[in-house]
Amino acid sequence: MSAKPFLLFSIVILSSVTSSCHGDYQPHYQQYNNISCLDWKQAPELLSGNCTKFKYGTLRCFGNWKNLQSVNDQKNRGRLEDIIFCGWPERVFNPVVDLQTFPRIKSLTIEYSRMAHISDFPEMFYLQVINISWTNLSHIGQRTFKKVHPLRIVDLRWNKLIQLDAPLLLPRTFEHLYLSGNPWNCTRNLKWLLTPEKANYVADREMLSCADRKYKDRNVMMVMHYKVTLKNACQSHEDLMNCTCSMHHIIPKTHMPLYTVNCSHLGFYRLPAFLPANTTMFYANNNKISDISPLRNNIHYRYVVDVHLDNNRIESIDVLEGGYWLEHFRLLSLINNKMRKIPVYALDNAMEDNANANLLLLSMNPWHCSCKFAMRFREFLIKYGEITRDSWNITCKYIQNGEEKKSKLMALTREDICKPKDESKIHVLDWVNGLLATSILLILGKLGYDYYYYKNYGRVPWIVMKLP
């Protein structure tokens, strides 16, 4: 939204709100479109930093107020009701100091400024409208406006505010607070916006937008609603009371939230029986879990695509064979468990049908490798090398010549694991192949011999003569 349409919109909003209450103050400059900060950098007063006083009680300053004393003498001081600062030159605005010569103002406007901080207002008994917009203001204290007793409207749109962890403390007469256009960080605590008694005065709360990387361009109220819903769901089931539940993503088009549940380091002996709807990532590392059948049998895990179960007591994943989850998972981490073997062919078939599979981690398990299992497992790891990214860290125990040995599976060959060291280097099949080759040579030699005698002497082989 450009500056001009926004300011006109602000004026219309403020006018409609202030005029709704009989007797409430309406700033004079709202009646005159030429008294604003639009295009203030092109104004001739900017070069000298002049302040201009208008006859209807408005003072407008450009950049600074070098001539403030001349336009605000003792005679005129009590007549000023509206103060407009365009391009406030300082990084800090201190109302105690900067407003001491304007004790009776009823409206204050600061726009298009590099101001980043504002101090708490002192006790004021006339100020009803505060507009601080298009500045670098990044923080508002909870008590900043508490002592401005007749305050009704505060407009803080289009600044650099990223958080407001608690509602502002405001006087009883207060009516409307505007906060849109700020780069709100929705990873912070803005849940108070959902509480009517705390946030009803935020007139544009449905228009607030997130600017942090995680929830960029999402509606603040929607994000906070999902966070509260998740918190209530996790607290409602005893299995998750000590787990951490968080929202890690909101799908752009459908606005569906995706949740993460972390139950690591809690001494669990089993997987939780319940997970909130839309949970897609689950962590239960460093527990004592041995049974993973809920991944196949529990509906709450059906769409949990990332499962981290490192440092547990899992001995087998056979129960997942042929199930929906194994054919749709995205990440499965089983580092440092108790697995000795896995159903390689079943896992291979599942991976063939699973277009989502991205990471399968199996290292630091006590794999026991027979010749057959080791070769199949190794072929599987090679085939899915982009997914089994820790394959070179997988070690394997095997028996050779009656002695147990341990080696990296990917470095083993068939000769290493399928044959004892003292076995003859010439395999039985090699003897058979040699015998067959010798027989072929003898047959070819006899054929050549018979052909020679037939050609020169007309004598046919003896076996031919015996044929009927």
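Modeller: Let us begin with the S-S bond of Cys186 and Cys210, whose torsion is about -90 degrees, so the disulfide (a pair of cysteine sulfur atoms within 2.5 Å) is left-handed. This is a predicted model, in which local features need pLDDT of at least 70 and side-chain atom pairs count only at pLDDT 80 or more, while totals for chains, interfaces and linings use all residues. Residues are numbered from 1 along each chain as its sequence is written, and side-chain values use heavy atoms, with hydrogens and water left out.

Colleague: How far apart are the sulfur atoms of Cys186 and Cys210?

Modeller: A disulfide is, in general, a covalent bond between the sulfur atoms of two cysteines. Here Cys186 and Cys210 are both buried (under 20% relative accessible area, where over 50% would be exposed and in between partly exposed, with a 1.4 Å probe and protein chains only). The computed separation of their sulfur atoms is 1.9 Å.

Colleague: Which hand does the link of Cys243 and Cys263 have?

Modeller: Cys243 and Cys263 are joined by a disulfide with an S to S distance of 2.0 Å. Cys243 lies in the loop between H6 and E10, and Cys263 in the loop between E11 and strand E12 (279-283), so the pair ties together parts that are 20 residues apart in sequence; helices (H or I, at least four residues) and strands (E, at least two) are DSSP runs, numbered from the N terminus. With 115 degrees about the S-S bond, the link is right-handed.

Colleague: Why does Cys396 count as buried?

Modeller: Cys396 forms a disulfide with Cys369, the sulfur atoms being 1.5 Å apart. Cys369 is in the loop between strand E16 (367-368) and helix H9 (371-383), and Cys396 is in strand E17 (residues 395-400), so this pair ties together parts that are 27 residues apart in sequence. Cys369 is buried at a relative accessible area of 7%, and Cys396 counts as buried because its relative accessibility is 1%.

Colleague: Which are the edge strands of the open sheet of six strands?

Modeller: The strand order in this open sheet is E10-E11-E12-E13-E14-E15, with mixed pairing (two strands pair if DSSP finds at least two bridges between them). Strand E14 (residues 331-333) pairs with E15 in the parallel sense over three bridges, and Leu331 has Leu359 in E15 as its bridge partner. The edge strands, each pairing on one side only, are E10 (244-250) and E15 (359-361).
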